[in-house]
Amino acid sequence: MYRRPIFAANWKMNKGPSDTESFVKSFLSKLTGRQTSDIVIAAPFIALPTLSEALRDARGVEMAAQNCSQFDDGAYTGEISVKMLREILVRHVIIGHSERRSIFGETNAVINAKMKKAREAGLKLIFCIGETLEERNAGQLESILRSQITEGLDGITPSDMEDTVVAYEPVWAIGTGVTATAEQAQEAHAFVRSVISDLYGPEVAGKLRIQYGGSVKPNNAAELMACPDIDGALIGGASLDAQSFVDIISNGSPAN
Ligand code: PGA
């Protein structure tokens, strides 16, 4: 089954409005030709209006938020609702990133509440999962991924899955310069797809795009993307530089 790859930049807590503006100028000038992959940029909340304006004439590059609240509105100091994101034309939201899980204490239940809230607002999901090194070394890779998937997707319907991308990001590979080997990544992706098939059937699983994330760079993108179950990447550090993000997209995308 053909799946169009999707490359998403996850800027994390980098780039305010002015850096965002200069990045987009440079990025769009380097991104030439017809794109064979989808492209998403996840900027900090405060930079999203600038990003929206800067991308206005750039067909095919969409915006994502890096998080959202599981609540509608009210007394939740510091939070941003899905309705607010929709108001500024955000299309995608990253949910369940390992930094949200480990630093901000988000459990599978919280992540699931956010996933459902985001879908109610029609946002597309980039749902992150992944094991720590300790879990992998203890032989828990599959059980951790299975519970993250099953609990995170509880109540998410087959039609929601059409607007969902799963990002497999082994925590030990994020920001460390250590990438999973193509074999390790492929094995985990195939497992993720099999769990999705158990939950939703083979058709939904066959259509689902599964991104790899964790130290993706211009020089390893092609090898990772050549794996049959890897359908794009979620890129942190290497997406902060316009040339390097463009190189990852072009090295990892199918030929025109
Ligand atoms: P990295 O981050 O590319 O810097 O490893 C990936 C991510 O956390 O999404």
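Strand β4 (residues 92–95) pairs with β5 in the parallel sense, over four bridges. In this pairing Val93 stands opposite Leu125 of β5. The model is a predicted one.

β5 also pairs with strand β6 (residues 164–168), again in the parallel sense, and here over five bridges. Ile126 stands opposite Val165 in β6. Strand β5 itself spans residues 124–129 and is mostly covered, with five of its six residues buried.

## Ligand site

The ligand is surrounded by 13 residues, and the closest are Lys12, His97, Glu169, Gly175 and Ser215. Sorted by class, this shell holds four nonpolar, seven polar and two charged residues.

The side chain of His97 has an N or O atom 2.7 Å from a ligand oxygen. Gly236 places a backbone N or O atom 2.8 Å from an oxygen atom of the ligand, and a polar backbone atom of Gly237 is also 2.8 Å from an oxygen atom of the ligand. The ligand exposes 280 Å² when taken alone, and the protein buries 97% of that area.

## Loop between β1 and α1

Lys12, one of the closest residues to the ligand, is found in the loop between β1 (6–10) and α1 (17–30). Its phi is near 55°, a positive value in a residue other than glycine. Lys12 has a relative accessible area of 21% and is therefore partly exposed, since buried would require a value under 20%.

Lys15 lies in the loop between β1 and α1 as well. Lys15 is not a glycine either, yet its phi is positive, at about 75°. Is Lys15 buried or exposed? Its relative accessibility is 17%, so Lys15 counts as buried.

## Salt bridges

Side chains of opposite charge can pair when their charged atoms come close. A search of the whole structure returns 18 salt bridges. One of them joins the side chains of Lys114 and Glu106, with an N to O distance of 2.6 Å. Both Lys114 and Glu106 are buried.

Another salt bridge is formed by the side chains of Arg56 and Glu53, at 3.3 Å from N to O. Arg56 counts as exposed because its relative accessibility is 61%, and Glu53, at 47%, counts as partly exposed.

## A link between helices and a network

The side chains of Arg146 and Asp198 meet in a salt bridge with an N to O distance of 3.4 Å. This pair links distant parts of the chain: Arg146 belongs to helix α7 (residues 141–152) and Asp198 to helix α9 (residues 182–200), and the two residues are 52 residues apart. Asp198 reaches 55% and so counts as exposed.

Salt bridges with shared partners also join Arg3, Arg193, Asp229 and Asp231 into one network.

How values were computed: Residues numbered from 1 in each chain as written. Predicted model: local features only at pLDDT ≥ 70, side-chain atom pairs only at ≥ 80, totals over all residues. Heavy atoms only, no water. Buried < 20%, exposed > 50% of the residue type's maximum accessible area, 1.4 Å probe, protein only. Pairing = 2+ DSSP bridges. Near = heavy atom within 4 Å. Polar contact = N/O pair within 3.5 Å; in protein donor to acceptor, adjacent residues only side chain to side chain. Areas by Shrake-Rupley, 256 points an atom, 1.4 Å probe, with all protein chains shown as cover. Nonpolar A, V, L, I, M, F, W, Y, C, P; charged D, E, K, R; others polar. Salt bridge = Lys/Arg side-chain N within 4 Å of Asp/Glu carboxyl O.
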